[in-house]
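Reader: Please take me through the terms used for this model, one at a time. I would like each of them set against its definition.

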Amino acid sequence: MNLDSRIPDGPIEQKWDNRKRDLKLVNPANKRKYNLIVVGTGLAGASAAASLGEMGYNVKSFCIQDSPRRAHSIAAQGGINAAKNYPNDGDSVWRLFYDTVKGGDYRSREANVHRLAQLSNNIIDQCVAQGVPFARDYGGLLANRSFGGAQVSRTFYARGQTGQQLLLGAYSSLSRQVSTGQVEMHSRFEMYDLVLVDGKARGIVGRNLVTGEIERHVGDAVILATGGYGAVFFLSTNAINSNVTAAWRCHKRGALFANPCYTQIHPTCIPVSGDHQSKLTLMSESLRNDGRVWVPKEKGDSRSPDQIPEEDRDYYLERRYPSFGNLVPRDVASRNAKQVCDEGRGVGPTGLSVYLDFTDAIKRLGENVIRERYGNLFEMYERITGENPYKVPMRIYPAVHYTMGGLWVDYDLMSNVPGLFVLGEANFSDHGANRLGASALMQGLCDGYFVIPYTIGDYLADQPEPIDISHPAFEQSEQQVREQIDKLLSINGKKTVRQYQRELGLLMWEYVGMARSESGLNKVLEEIPKLREDFWQNVAVPGQADQFNKNLEMAGRLADFFELGELMARDALNRSESCGGHFREESQTEDGEALRRDDEFSYVAAWEYNGDGEPGLHKEDLTFDNVKLTQRSYK
Ligand SMILES: Cc1cc2nc3c(=O)[nH]c(=O)nc-3n(C[C@H](O)[C@H](O)[C@H](O)COP(=O)(O)OP(=O)(O)OC[C@H]3O[C@@H](n4cnc5c(N)ncnc54)[C@H](O)[C@@H]3O)c2cc1C
């Protein structure tokens, strides 16, 4: 298979302009002849559907929630990056590009990342025009704060609710298009299959989650913006409804899945407190602007934090990484937290947490300033843990948070299946092996507002034969969807979907989590198929197909997570280097840092589905003409 990333010619600063110059256009009067399907209404999907509707295309928009504005993007807390350089601290498009490529441990495509940095400033303008209430400084300019992996302040924010405010902006644009009739909204609908006609994406089949009815929808292109797959670990900061089903079913129809093993473990989450939990809560990375991370110097020091004097504390990030201190990137902060806990210096009842302490910041700035910056996060922490973080240091521990892997796309964000475009967290494109904080919102909105509106026209301009939902490809797809539903309902076993999901999650966390080894990965590659087999024999899915049935929804998603989990382990096994969010125990420097092996692994691993056979590995070589590859150092 020829993996053509279609990177435009020319110097990196001009590639996007060159691509736009060469793209074919659809004349304004012809746009209304095209029907586009956009699956997902998070920041990527809502911005795409609103923009494409505004341009005059007929859009059908789908989501599983009861309202588009309840997509998982609403949970995003800390902020969104852009290279505006308002604080005048030396930022530029180049620096944002450089930090992102370096932060991703040199495993992303230079050209895509540079475009992202270039467009970052347009996103802020667009959102301000929509009325997104970004924080402002005393002079009225938009305020910025710092995030990990950067030495400038470039993160725009709306308290700890940035995702919610951005989504409300995108949602209001989307609602405008819904009211003009340009976008037809289908909420509480789950896509189960991609329909291909002559090898091109021509529609979807899915289930109305309220009535259980199976529906067919035809279009001239399908745009997938269905988010990430961190929920394969069961406990994660992702919304419970986050899943891989849409992307996985596209994979089964031929779309390549790229770098599935690249998972981001976020260092500042509220620690696991027992078996009762079904999800974990993030404490935004922005807190590391003012909070200091520490553990006791001595193992097993059980004194309460206020009884541990300065000289008995180890501010290990500040000690090991003096240039970046508490603002090292997430992968580095997470690994260090694991390391000090593994040494027996972790705190709290389980020993699996470290302190994030605001005492100094409160002394320096006053409680009111801290409350203004992080008030809602502090309140959330207190509600969950019963401890007041203005008085007692927060306790945090790493948790699964984001997935850099996803469906493979070219520079135009089209997958290898013609007519299937993939946006936002669902694609693999911009973050390499580790995403920097506040860059996911930037990418989702960049893809939806500023990339797809251009690139889709190039595809549609030569397109496509009219077809309708009576085409045999829809018939065949619907039959397969029904067969899977009937199979799940007929098993009548003894174990709940949740039990299996937890067991799979534990396997994934243990062997494909923060550190991976050859022996562990080989073991889990035996365990997952056994558990999956057992699931298909013993799962209990009560209820019927033709009604609201949450168990059926979750069972279908879990069936896909089993298959994805195996591919993640296989990808991790293949990549015997450490890079970013993928830490292979066999590949580390003398002082325990990730050791990349550029000579062997400077490629995107794009996997092809082969049914019951082994998945096929295709490699897209990564070339770096603008950034010099170095072993990352934040010291
Ligand atoms: C707690 C938390 C805080 C975060 N904070 C930040 C931050 O401060 N800054 C930052 O840059 N990033 C942050 N992130 C990451 C960021 O929020 C996500 O990466 C981003 O919002 C993903 O957007 P998306 O549009 O790609 O997908 P999502 O927002 O996940 O939306 C997916 C959409 O797809 C739909 N969907 C899924 N499957 C199907 C299906 N089969 N059929 C139909 N519809 C389907 C869903 O209904 C939903 O509408 C945070 C993440 C978490 C978990």
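Author: Helix α13 (residues 472-490) packs against helix α16 (residues 550-574) at an angle of about 110°, and their axes are 10 Å apart. This is a predicted model, in which local features need pLDDT of at least 70, side-chain atom pairs count only at pLDDT 80 or more, and totals for chains, interfaces and linings use all residues. Residues are numbered from 1 along each chain as its sequence is written.

Reader: Why are α13 and α16 called roughly perpendicular?

Author: Axes are lines fitted to C-alpha atoms, for helices over the stretch in contact, and angles run from 0 to 180 degrees between N-to-C directions. Angles of 65 to 115 degrees count as roughly perpendicular, under 35 as roughly parallel, over 145 as roughly antiparallel and the rest as oblique. The angle for α13 and α16 is about 110°, and the pair is therefore roughly perpendicular.

Reader: Which residues make the contact of α13 with α16?

Author: From α13 they are Gln 484, Ile 485, Leu 488 and Leu 489, and from α16 Leu 552, Ala 555 and Gly 556. Two residues are in contact if their C-beta atoms, placed from the backbone, lie within 7 Å.

Reader: How do these residues divide by class?

Author: Five are nonpolar, two polar and none charged. Ala, Val, Leu, Ile, Met, Phe, Trp, Tyr, Cys and Pro count as nonpolar, Asp, Glu, Lys and Arg as charged, and the others, Gly among them, as polar.

Reader: What makes α15 roughly antiparallel to α16?

Author: The axes of α15 (residues 518-538) and α16 cross at roughly 165° and come within 9 Å. That angle makes α15 roughly antiparallel to α16. Their contact divides into ten nonpolar, two polar and four charged residues.

Reader: How many residues surround the ligand, and which are the closest?

Author: There are 48, the closest being Gly 40, Gly 42, Ser 73, Gly 227 and Gly 424. A residue is near a molecule if its C-beta atom, placed from the backbone, lies within 6 Å of it. By class, the shell has 20 nonpolar, 26 polar and two charged residues. Among the elements that each supply at least two residues of the shell are α3 (43-55) and β15 (394-403).

Reader: Where do the domain bounds lie?

Author: Domain 1 covers 266-400 and domain 2 covers 472-621; such bounds come from an automatic or database domain assignment. Their centres, taken over C-alpha atoms, are 31 Å apart.

Technical notes
Helix = DSSP H or I, 4+ residues; strand = E, 2+ residues; numbered from the N terminus.
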